[in-house]
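Let's walk through this one together, starting where two chains meet and ending inside one of them.

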2 protein chains.
Amino acid sequence: MRKDAQQNRDKILTAAVHLFESQSVETVSMKDIATAAGIGPGTLYRNYPNKSALCLDVSLVDIQAFVDDAHDYLAQTTDTAIAQFEQVLTRYLQFRERRLQLLASIENGATVMATYYQSDLYQQLVAVFMQVLKPLSGDLKIGELKFRADMLLAMLKSNSYAYQRQQGLTRADLLANLSRLMIKKGTQN
Amino acid sequence: MRKDAQQNRDKILTAAVHLFESQSVETVSMKDIATAAGIGPGTLYRNYPNKSALCLDVSLVDIQAFVDDAHDYLAQTTDTAIAQFEQVLTRYLQFRERRLQLLASIENGATVMATYYQSDLYQQLVAVFMQVLKPLSGDLKIGELKFRADMLLAMLKSNSYAYQRQQGLTRADLLANLSRLMIKKGTQN
DNA sequence: AATATAAACGGAGTCGGCTCCACTTGTCAA
DNA sequence: TTGACAAGTGGAGCCGACTCCGTTTATATT
């Protein structure tokens, strides 16, 4: 990779982060980002095939931070299995709310999501949820556990928001419902 | 409503259905539809605020057909509860595959989805799944049952496709995983 | 039938995502 | 150092979703 190309990549990311901080993601156009980075639209698009991909790259660090935070928490906690599940879920929901717009933009991009699902980071995310689901679920084959973690992440996507839309379903209700669903009686903690 | 306005509404729907049959939904532009219907873009957009809304209207009849079909099946079946659950889910997945493109377009429109969730039709859809989930789940409060039905629908949305992306998860696997999750031992059938 | 008017029309125009390609520049071999 | 060329650039331009508004028309009233 040429040195100037690397510099441009950095400039894009910095510009995008700044713009996304000062305006809503939707109202920031790709042209705005290119201009702020001091480059042309063509260059922007050679680095990122579409807006969703750029949003994903901007968010990567935050997603990784969530995963790391969850690992730290799980490494040192003495909470019950249920409390761990609820704790991790709560943090995930908080993270999602903080990055609502970026995540919505990412999740609307079908091709971007397809590659994201293949990524190591997404597998780490799944692994975190598998870890907290495992003690709740009795003895489950690994594939089944993975399925449940995957399902959880799918239903919490921004375009779903089962719990937000269903008027009057609070986060506490969501947690309670999910716990009840995932817990096999007699096997927790 | 003026008579000519009603006629235009009909023409739009007919034109849209025809075009969606002969090309992919994505490649049909709103202008194409307007032209085929013999009206201007302005008129099209007065009837449907966006493409997603039009796609939803085109799909309404199919969704209703699925609901009716499921009701008919449930009214006359003697299958076990598990078989009923799998039967209804299978038909739903088949319906979704048949209308993949339309549903994807609908589900990408956040505002359209928000109103769809409020609609009677969506409530009917939820009710169908509540009906097949109920005998699997032991005694659940109505709210909890509704939550699970909602969750199911959310995870099966086109932009999720948990099962398709997770390479090598067949429809049979999906059914098996969901059954295992939803069945409370000792209460099925 | 004539008229007033609200309802509806349609197409020119805006805006944003994205592409294409003629041009520039960093790099490396000689 | 210089020349060749792959790598990279940037902006004009396309296309499609969606809006705005001056014009037309159905219909209710007289």
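This is a predicted model: local features need pLDDT of at least 70, side-chain atom pairs count only at pLDDT 80 or more; totals for chains, interfaces and linings use all residues.

Residues are numbered from 1 along each chain as its sequence is written, chains are lettered from A and ligands numbered from 1 in the order in which they are written, and side-chain values use heavy atoms, with hydrogens and water left out.

On to the interface. Chain A puts 27 residues in contact with 27 residues of chain B (contact being heavy atoms within 4.5 Å). Between them, about 2,600 Å² is buried, with carbon and sulfur atoms giving 53%; that's the accessible area (1.4 Å probe) the two parts lose on being put together, summed over both.

The rule picks out two salt bridges across this interface, counting a side-chain nitrogen of Lys or Arg within 4 Å of a carboxyl oxygen of Asp or Glu. One pairs A:Glu144 with B:Arg180, whose closest N and O atoms sit 2.4 Å apart. On chain A's side, the elements giving two or more residues are α9 (142-155), α10 (162-165) and α11 (171-182) (helices are DSSP runs of H or I, at least four residues, numbered from the N terminus). The most comes from α9(A), with eight residues.

Now for that serine. A:Ser59 lies in helix α4 (residues 51-76) of chain A. It counts as buried because its relative accessibility is 2%, and buried means under 20% relative accessible area (1.4 Å probe, protein chains only). Setting aside neighbours within four places in sequence, A:Ser59 is in contact with A:Leu102 and A:Ile106.

Key. Buried means under 20% relative accessible area, exposed over 50%, partly exposed in between (1.4 Å probe, protein chains only).
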